[in-house]
Amino acid sequence: MRRALIVWGGWDGHEPEQVAGIFENILKEHGFQVEVSDTLDAFQDGARLKELDLIVPVWTMGEIPGEYVKNVSEAVQAGTGLAGCHGGMCDAFRTNVDWQFMTGGQWVAHPGNDGVEYTVEIKHSSSPLVEGMSHFAVKSEQYYLHVDPAVEVLATTRFPTADGPHRLNSPVDMPVVWTKRWGTGRVYYNALGHHADIVDMPEVRELMTRGLLWAAGGKNTPEAIEAAGGPSSYSGMDDSQV
């Protein structure tokens with residue numbers, strides 16, 4: 001049975017406990033054994049983290065010991081997946097650049113605050129994670145992020161929408177959903193999810209379900225199997241499959 005760890009906490013405004021509950025239900029529906037923790041001490045045992053298939057942070061605006069970030073990073077490099085959304089992953093630890101390098105981005109603004117109406121545009125590419133999905137509208141915070149240019153962007157939103165000092169710049173398509181690799185591990189991020197009701201929107205829930213399952217499959221890749229000392233030949237799930 002695949003194993004996942006969800007760690008929630010930090011700023012209550014993002015409803016971390018409720019969002020963690022949604023992710024727990026999704027993973028259990030897909031046969032995962034799920035542990036849910038409300039303390040960052042869940043990241044204390046690095047060896048245990050490497051035994052997991054997936055880590056899901058749901059923690060906003062916190063402080064984290066450097067050793068805990070090192071433990072998560074090394075687990076992901078060894079094939080454990082990392083997946084999350086909104087401020088729960090890419091505004092988790094603002095002062096820790098190692099976390100930001102691993103996750104692929106950091107929130108910096110949401111012009112117009114909550115209640116901005118905008119479109120999430122699906123970017124069809126080589127990834128199966130958005131196959132069959134269409135653009136959709138959302139009314140929520142529109143995240144402006146500083147983003148790692150190495151990520152594979154799966155969805156974007158157009159800025160500017162709300163007024164602000166950024167308006168006189170040229171229009172930009174800001175990444176909303178992306179994937180990246182960290183060692184042999186898979187990293188998935190979705191900028192949507194200010195409140196639990198946004199995470200539970202059908203489109204967002206579908207994106208997160210696909211992302212959680214994809215990230216959890218990192219240990220089944222040829223690179224991860226070989227790095228773990230297994231056979232170099234491979235006949236399991238490949239990158240084209242969720």
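Helices (H or I, at least four residues) and strands (E, at least two) are DSSP runs, numbered from the N terminus. The legends below describe a predicted model, in which local features need pLDDT of at least 70, side-chain atom pairs count only at pLDDT 80 or more, and totals for chains, interfaces and linings use all residues. Residues are numbered from 1 along each chain as its sequence is written, and side-chain values use heavy atoms, with hydrogens and water left out.

**View A. Helix H3 and the glycine that follows.** Helix H3 covers residues 66-77, and its twelve residues reach 16 Å from the first C-alpha to the last, close to the 16 Å expected at 1.5 Å a residue (the expected span is 1.5 Å times one less than the number of residues). Tyr68, Val69, Asn71, Val72, Ser73, Ala75 and Val76 of H3 are buried, where buried means under 20% relative accessible area, exposed over 50%, and partly exposed in between, with a 1.4 Å probe and protein chains only. These buried residues pack against helix H2 (46-50), E3, strand E4 (81-85), helix H5 (97-103), strand E10 (172-182) and strand E11 (185-190), contact being heavy atoms within 4.5 Å. After H3 comes glycine 79, which has a positive phi, near 120 degrees.

**View B. Phenylalanine 43 and the largest nonpolar core.** A nonpolar core is a set of buried Ala, Val, Leu, Ile, Met, Phe, Trp, Tyr and Cys residues joined through side-chain atoms within 4.5 Å. The largest such core has 77 residues, and those with the most contacts inside it are Phe23, Phe43 and Tyr188. Its largest share, eight residues, comes from helix H7 (residues 202-216). Leaving aside residues up to four places away in sequence, phenylalanine 43 touches Leu5, Val7, Leu49, Ile55, Ile64, Tyr68, Asn71 and Val72.

**View C. Helix H7.** Eleven of the 15 residues of H7 are buried, so this helix is largely enclosed by the rest of the structure. Among the buried residues are Val204, Leu207, Arg210, Trp214 and Ala216. The end C-alpha atoms of H7 are 21 Å apart, which agrees with the 21 Å that its 15 residues should span at 1.5 Å a residue.

**View D. The largest cavity.** On a 1 Å grid over the protein atoms alone, a cavity is a set of points where a 1.4 Å probe fits but cannot get out, and lining residues have an atom within 4 Å of a point. The structure holds two cavities of 30 Å³ or more, and about 60 Å³ of space lies in the largest, a volume being the space filled by probe spheres set on the points, which are joined across faces, edges and corners. Residues lining the largest cavity include His14, Trp59, Cys85, His86 and Gly193, and the elements that give two or more residues to this lining are helix H1 (16-29), strand E3 (54-60) and helix H4 (86-90).

**View E. Alanine 155 in strand E9.** Alanine 155 has its place in strand E9 (residues 152-159) and is buried, with a relative accessible area of 0%. Not counting residues up to four places away in sequence, alanine 155 touches Val120, Glu121, Ile122, Lys123, Met174, Pro175, Val176 and Val177.

**View F. Aspartate 12 in a loop.** Aspartate 12 lies in the loop between strand E1 (3-10) and H1, and this residue counts as exposed because its relative accessibility is 61%.

Note on methods: On a 1 Å grid over the protein atoms alone, a cavity is a set of points where a 1.4 Å probe fits but cannot get out, and a pocket is an open set with protein on both sides within 12 Å along at least five of seven lines; lining residues have an atom within 4 Å of a point.
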